[in-house]
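Open the model in a viewer and keep a selection panel at hand. The stops below each say what to select and what is found there.

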Amino acid sequence: KIGFLFFLFFTFILQQNSNIMHAIRRCLKPQQLLWTRSYSTIPSSPAAKVAGVVGIGRLNHVAIAVPDLPSACALYRDVLGANVSEPVPQHEHGVTTVFITLDNSKIELIHPLGDKSPIANFLTKNPSGGVHHVCVEVDDIYAAVEVLKEKGVKVIDPKPKIGAHGKPVVFLHPKSLNGVLVELEQK
């Protein structure tokens, strides 16, 4: 019992200071990290400075870049039994999108559209495809962009464009958000 209580106390102390937790994580092998669990970001990161200020809502979708859209659609529809939409060209964004509806969110399959597609380079580096970005909803995208800029988070194009759902969207640079490309979408 004393060992377990010590473990809980030690874990609590480490979670209070994420710098210590991050230093420990850098020293351990991946298989040794199974016992660690932290939901905090590095206190000095731009992401930590805006937590709770922008007011992000639910996860809207996870976007997966695919080199072969028909094959990817067949996989999700015919093998996994998912509800797969028809492909829709998004000329302003340089992609063709297909949405897979899940009970609690969506998966967006994206495929390059045209020579200047922003995901062509991603697929060159990842020829099998892969997770491209995550999309979360915000109440007021215009206010969110202003707060993010004030807090030093890089917004790739601060002027929202109309996204695949017919709502304004912006993308946040991965260097500002712990290596993840994040799309914000107006609720």
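Select the lining of the largest pocket and colour by residue class: 14 residues are nonpolar, 9 polar and 8 charged. The coordinates belong to a predicted model. The volume of this largest pocket is about 680 Å³. To centre the view, pick Pro118, Ile119, His132, Phe171 and Leu181, which are the closest to the pocket centre of the 31 lining residues. Then show the elements that give two or more residues to the lining of this pocket: the strands β4 (95-101) and β5 (106-112), the helix α5 (120-125), and β6, β8 and β9.

Next, zoom out to the whole chain. Its secondary structure amounts to 6 helices and 9 strands. Colouring by burial marks 36% of the 187 residues as buried. If contacts between residues at least 6 apart in sequence are drawn, 53% of them link residues at least 24 apart.

Now turn to the nonpolar interior. Nonpolar side chains tend to be buried together in soluble globular proteins. Here the largest nonpolar core contains 15 residues. Select Val54, Val138, Leu148, Val170, Leu172, Val182 and Leu184, the members with the most contacts inside this core. At least two core residues come from each of β6 (130-138), α6 (141-150), β8 (168-172) and β9 (182-186). The greatest contribution is that of α6, with 5 residues.

What does Val138 touch, leaving aside residues up to four places away in sequence? The list runs through Val54, Gly55 and Ile56, then Ala144, and ends with Leu184, Glu185, Gln186 and Lys187. Another core lies apart from the largest one; it has 11 residues, including Ile64, Leu69, Tyr76 and Val98.

For the next stop, select Cys73 and Cys135. Are these two cysteines buried or exposed? The cut-off for buried is under 20% relative accessible area. Cys73 is buried because its relative accessible area is 6%. Cys135 is also buried, since its relative accessibility is 0%. A search for disulfides returns 0 in the structure.

Last, go to the loop between β8 and β9 and select Asn178. Check the backbone of Asn178: its phi is positive, about 55°, although this residue is not a glycine.

Definitions and conventions: Residues numbered from 1 in each chain as written. Predicted model: local features only at pLDDT ≥ 70, side-chain atom pairs only at ≥ 80, totals over all residues. Heavy atoms only, no water. Core = buried A, V, L, I, M, F, W, Y, C linked by side-chain atoms within 4.5 Å. Buried < 20%, exposed > 50% of the residue type's maximum accessible area, 1.4 Å probe, protein only. Helix = DSSP H or I, 4+ residues; strand = E, 2+ residues; numbered from the N terminus. Contact = heavy atoms within 4.5 Å. 1 Å grid on protein atoms, 1.4 Å probe; cavity = no way out; pocket = protein on both sides within 12 Å on 5 of 7 lines; lining within 4 Å. Points joined across faces, edges and corners; volume = space filled by probe spheres on them. Nonpolar A, V, L, I, M, F, W, Y, C, P; charged D, E, K, R; others polar. Disulfide = S-S within 2.5 Å.
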